[in-house]
Amino acid sequence: MSVREERKQLTRRALLDAAMDLTADGRGFSSVSLREITREAGVVPTAFYRHFRNLDELGLALVDEVGHRLRQIMREARITAAGAGDIAIRSSVRGYVHYVRTNRRSFSFIVRERLGGPPVVRDAVAREVRYFVGELASDLRLFKPLANMPSADLDMIAHLVVHTVFYLAADILELPEAKTQQEEELILRTVKQLRLIFLGARQWKSDRGNVH
């Protein structure tokens with residue numbers, strides 16, 4: 001890589017980090033201005049346009065980067081205990097909470113922008129959530145009780161699990177670090193919710209689209 005290309009990559013990295021830093025305290029991405037980002041990154045405003053056409057494009061780059069990181073994290077902390085008991089699920093949920101805590105900035109960005117970001121960013125986050133659902137559905141297919149389940153039903157179950165753990169992440173991020181009792185209560189609630197989902201999944205009989 002040439003010196004010029006290296007500098008270009010460093011500037012792009014600085015812009016992405018600046019935008020993430022500015023939203024780390026709870027601000028929405030849509031409330032951050034281009035001038036704030038470039039000032040935080042230590043570059044002149046005109047340098048921004050050498051890397052991104054507008055703020056929406058920067059937001060998409062952030063979603064892509066954070067989504068890639070979270071897919072890796074969630075593969076490691078995947079809750080795939082459909083055939084297991086409370087202890088296995090509780091262990092998985094605790095591991096997930098640890099990842100939320102140690103990757104607070106990334107989770108905060110996705111959780112916040114999923115509902116409150118600019119439309120183009122919200123759509124990109126929704127695509128990332130669909131990726132999570134698709135990957136989990138593929139994992140759940142490995143469990144014998146769910147192996148022959150129709151894909152639409154398996155996606156529905158994966159959707160319930162993903163949204164349950166997303167709500168958990170949002171609740172954990174709202175807690176101060178010292179609130180261990182409240183965190184424990186959230187973990188136990190989520191374990192019960194997941195057990196209910198998985199128990200129901202094993203008993204589920206597809207109605208093949210017929211609603212009675």
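Hi everyone, thanks for coming. A word on confidence before the details. What we have here is a predicted model. The mean pLDDT of the chain is 86, and 90% of its residues reach 70 or more. Which elements mark the two ends of that scale? Helix α2, residues 34–41, has the highest mean pLDDT, at 96, while helix α5, residues 86–102, has the lowest, at 83.

Now to the aromatic rings. How many aromatic pairs does the structure hold? There are four. One of them is formed by Y96 and F107, and this pair is edge-to-face, with 5.9 Å centre to centre and 90° between the planes. Y96 belongs to helix α5 and F107 to helix α6, residues 104–116, so the pair ties together parts that are 11 residues apart in sequence. Are these two buried or exposed? Both Y96 and F107 are buried.

Next, please look at F132 and F166. Their ring centres are 5.9 Å apart and their planes are at 35°, so this pair is tilted. It links distant parts of the chain, since F132 sits in helix α7, residues 119–140, and F166 in helix α8, residues 151–174, 34 residues apart. The cut-off for buried is under 20% relative accessible area, so F132 counts as buried at 3%, and F166 counts as buried at 4%.

The charged end of R114 sits over the ring of F166, 5.3 Å from its centre. And while we are on rings, F48, Y49 and F52 are linked into a cluster by ring pairs.

Let me move on to T190, in helix α9, residues 180–203. T190 has a relative accessible area of 0%, so this residue is buried. What does T190 touch, leaving aside neighbours within four places in sequence? The answer is V93, T164 and L168.

My last stop is G42, in the loop between α2 and α3. Is G42 buried or exposed? With a relative accessible area of 64%, G42 is exposed. In sequence, G42 and L15 are 27 residues apart, and in space they are 8.7 Å apart, C-alpha to C-alpha.

Note on methods
Residues are numbered from 1 along each chain as its sequence is written. This is a predicted model: local features need pLDDT of at least 70, side-chain atom pairs count only at pLDDT 80 or more; totals for chains, interfaces and linings use all residues. Side-chain values use heavy atoms; hydrogens and water are left out. Helices (H or I, at least four residues) and strands (E, at least two) are DSSP runs, numbered from the N terminus. Buried means under 20% relative accessible area, exposed over 50%, partly exposed in between (1.4 Å probe, protein chains only). Contact means heavy atoms within 4.5 Å. pLDDT is the predictor's confidence in each residue, from 0 to 100. Rings of Phe, Tyr and Trp (its six-membered ring) pair if their centres lie within 6.5 Å; planes under 30 degrees apart count as stacked, over 60 as edge-to-face and the rest as tilted. A charge sits over a ring if NZ of Lys or CZ of Arg is within 6 Å of the ring centre and within 35 degrees of the ring normal.
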